[in-house]
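This report considers how side chains pack together inside a protein. Please look at the sequence and the structure before reading on.

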Amino acid sequence: MCTECRKKLRPCTESFYISHNEEKYLVWSVFYYSNIVKELIIRLKYRNDFICGEILAKYMLELVKSKELRFDLIAYVPMTKKALKKRGYNQSEYLANYISRALNITLIYNLIKTMDTKDQIGLSGEERWNNMEKCFSIEDCKFIKNKNILLLDDVITTGATAFHCAHTLKESGNNNVCILTIAKSKV
């Protein structure tokens with residue numbers, strides 16, 4: 001990225017929590033969802049632009065290192081088989097793979113999205129929470145018991161998707177789940 005584009009980035013410097021029904025998870029986002037970051041994410045997510053993905057993953061890696069985040073395993077927000085076949089790849093898995101390789105930390109593939117849901121874009125906050133409820137599961141949870149997990153996604157808005165993924169991981173006997181996204185957006 002050029003110097004001018006880097007100047008337009010809006011870093012999200014503080015962590016925050018997403019909570020639901022008295023359960024909460026710590027979230028770190030690298031940037032706010034605006035300008036250049038929005039374009040990079042759209043190009044990765046919908047235009048197969050993996051150079052943009054690499055740029056974004058490097059920023060995520062910098063945050064992990066600068067905040068000294070500690071975890072045993074890396075997970076990512078999954079897609080259903082149908083959605084994966086349609087797009088051809090999962091952008092969150094792409095980012096997670098990059099970070100996994102860079103840190104030499106195991107990437108897990110056992111968080112599964114079990115049913116197709118409506119696209120979160122265009123839904124109200126409450127509709128987003130209802131849309132994601134009970135659509136994730138874990139396959140073979142022995143490997144992840146008592147582990148601290150970093151869960152990756154591209155954008156967090158209400159936090160419904162990331163929360164339900166983290167909740168599913170936590171129910172499987174994990175010590176802690178921390179969430180990392182490229183960008184934080186508003187509904």
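Which residues form one aromatic cluster? In this predicted model, the cluster is made up of Phe50, Tyr89 and Tyr94. The count of aromatic pairs comes to five. Two of the pairs are set out below.

| Pair | Distance between ring centres | Angle between planes | Type |
|---|---|---|---|
| Tyr25 and Phe163 | 5.4 Å | 70 degrees | edge-to-face |
| Tyr76 and Tyr109 | 6.0 Å | 75 degrees | edge-to-face |

Tyrosine 25 belongs to strand β2 and phenylalanine 163 to helix α7, so their pair ties together parts that are 138 residues apart in sequence. Both tyrosine 25 and phenylalanine 163 are buried. In the other pair, tyrosine 76 is in strand β3, while tyrosine 109 is in the loop between α5 and β4. Tyrosine 76 has a relative accessibility of 9% and therefore counts as buried, whereas tyrosine 109, at 46%, counts as partly exposed.

Strand β3 is covered on both faces, with Leu73 and Ala75 buried on one side and Ile74 and Tyr76 buried on the other. Strands β3 and β6 pair in the parallel sense over four bridges; alanine 75 has leucine 151 of β6 as its bridge partner.

The largest nonpolar core holds 34 residues, and Met60 and Ile74 are among those that touch the most other members. Helix α3 gives the most to this core, with eight residues. A second, separate core has 26 residues, including Phe16, Ile18, Tyr25 and Leu151.

Charged groups also meet aromatic rings. The charged end of lysine 24 sits over the ring of tyrosine 17, 4.5 Å from its centre. Lysine 184 lies over the face of phenylalanine 16, 4.1 Å from the ring centre.

Note on methods:
Residues numbered from 1 in each chain as written. Predicted model: local features only at pLDDT ≥ 70, side-chain atom pairs only at ≥ 80, totals over all residues. Heavy atoms only, no water. Core = buried A, V, L, I, M, F, W, Y, C linked by side-chain atoms within 4.5 Å. Buried < 20%, exposed > 50% of the residue type's maximum accessible area, 1.4 Å probe, protein only. Helix = DSSP H or I, 4+ residues; strand = E, 2+ residues; numbered from the N terminus. Pairing = 2+ DSSP bridges. Phe/Tyr/Trp six-rings, centres within 6.5 Å; stacked < 30°, edge-to-face > 60°. Lys NZ or Arg CZ within 6 Å of the ring centre and 35° of its normal.
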